[in-house]
Amino acid sequence: MRQFDYIIVGQGIAGSLLGYQLLKADRRVLILNDESIPTSSAVAGGIFNPITGKNLDKTWLADTIFPYFKDFYLSLEKETYSRFYHETNLFRPYANEQQRRHFLQLTDEYDLDQYISLVKPNIYTEVENPLGGLYTSSAGWVDVPLMLEGLKQLFIQSGAYQAEKFDYQALEISEEQISYKNFQAPKIIFCEGYYASQNPYFKWLPFNPAKGETLIASMADYSIKEIVNQGSWIIPLGNQQYRFGSTYVWNQLNWHTTPEGEEAITGKIDKFLKTSYQIIGQQAGIRPTTKDRRPFLGNHPVHSNVYVFNGLGTKGVSLAPYFAEQMLNLLEKNKDLIPDSNIQRFYSLYSL
Ligand SMILES: Cc1cc2nc3c(=O)[nH]c(=O)nc-3n(C[C@H](O)[C@H](O)[C@H](O)COP(=O)(O)OP(=O)(O)OC[C@H]3O[C@@H](n4cnc5c(N)ncnc54)[C@H](O)[C@@H]3O)c2cc1C
């Protein structure tokens, strides 16, 4: 038997950032990850944005989690010798006069000065912006696959990684110890994203998964460095490549790209993009979204040494660093979780 302090299932954003926190705390960690299946993290646009939606809503816990993840990602970049964190303004051109008035009223009403500034008309030639728009600062995007590859190498070097599909039938749980094949640990944490629907210990949690598609486009005559968002978004990836996104579908949960997905995105992009483009790629994934839009952290109602870290939904990049630390504090110091994130809020749904 090989003894560890923690077994983690899944190496998406959730499992990776938790594994990293535990390794930094000098814990012996084993991450089991099925490399043969598609994942949400592999196709995430990676956008972080403190002010979202038609009503300029402030992202949940933005004032806490945004400064936290900035420091976290910058220090992780150094440790993994890669550059995956891209902070940039997010430009929202007003779609029409009505939206302009609505946004200006909201910026007056709420105290958004920290994040929002006004942009004059027609400063860009590549997108429609005759009325001007808004810049959101503290926004940007993370190249999630690049970050996860760097972390995987770090886990491999630490003897903390094994490519393997976790077999729930092979799990044995006692009060003191988790046994899985020839591995043992006092605690196990499941971080399988959408695949938690197949996990006998946590499939009762109220997920509300949302399929999403994105496109990769090539544009020779586009030079905007900011993310542009008007119903759909354009992220500059470098080398004249751009990601367009994204769709939300709740009824056809599969990992396949579709012509409808492409049309839905290009239909919106064509309304504001003035430059010609060529679609060179398309991706699809399933977001581990939850019914109350809050993450799922905590331990199983019966097996106190079986944990979950999931439900990062549409905001994995913004939520994962801060909540990985919350998980660390729970696992190591039995510190209370933020109640809105604790799965205790759903214990009444669990039946044996
Ligand atoms: C189209 C699209 C666009 C998105 N855009 C953004 C965005 O702009 N910004 C943002 O913050 N978020 C975005 N997201 C959401 C983001 O992708 C998720 O919040 C995040 O990736 C979830 O990470 P996770 O680790 O929980 O799940 P996943 O990334 O799905 O990882 C789960 C891991 O568990 C492993 N696994 C599952 N079952 C097993 C098993 N039985 N045995 C072993 N391993 C297993 C899988 O192999 C995988 O590695 C987007 C998602 C989609 C689909």
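**Figure legends for the predicted model**

**View 1. Secondary structure of the protein.** The protein contains six helices and 23 strands, where helices (H or I, at least four residues) and strands (E, at least two) are DSSP runs numbered from the N terminus. This is a predicted model, in which local features need pLDDT of at least 70, side-chain atom pairs count only at pLDDT 80 or more, and totals for chains, interfaces and linings use all residues. Residues are numbered from 1 along each chain as its sequence is written, and side-chain values use heavy atoms, with hydrogens and water left out.

**View 2. Overall dimensions.** Along the principal axes, the C-alpha atoms fill a box of roughly 65 × 40 × 40 Å.

**View 3. Burial of residues.** Of the 352 residues, 54% count as buried, that is, under 20% relative accessible area (1.4 Å probe, protein chains only).

**View 4. The largest nonpolar core.** Such a core is a set of buried Ala, Val, Leu, Ile, Met, Phe, Trp, Tyr and Cys residues joined through side-chain atoms within 4.5 Å. The largest one has 57 residues, of which L17, Y73, V142, M147, I189, F309 and M327 touch the most other members. Elements that each supply at least two residues of this core include α1 (13-24), α2 (62-80), β23 (306-310) and α6 (316-333). With ten residues, α6 gives the most to this core.

Conventions: Buried < 20%, exposed > 50% of the residue type's maximum accessible area, 1.4 Å probe, protein only.
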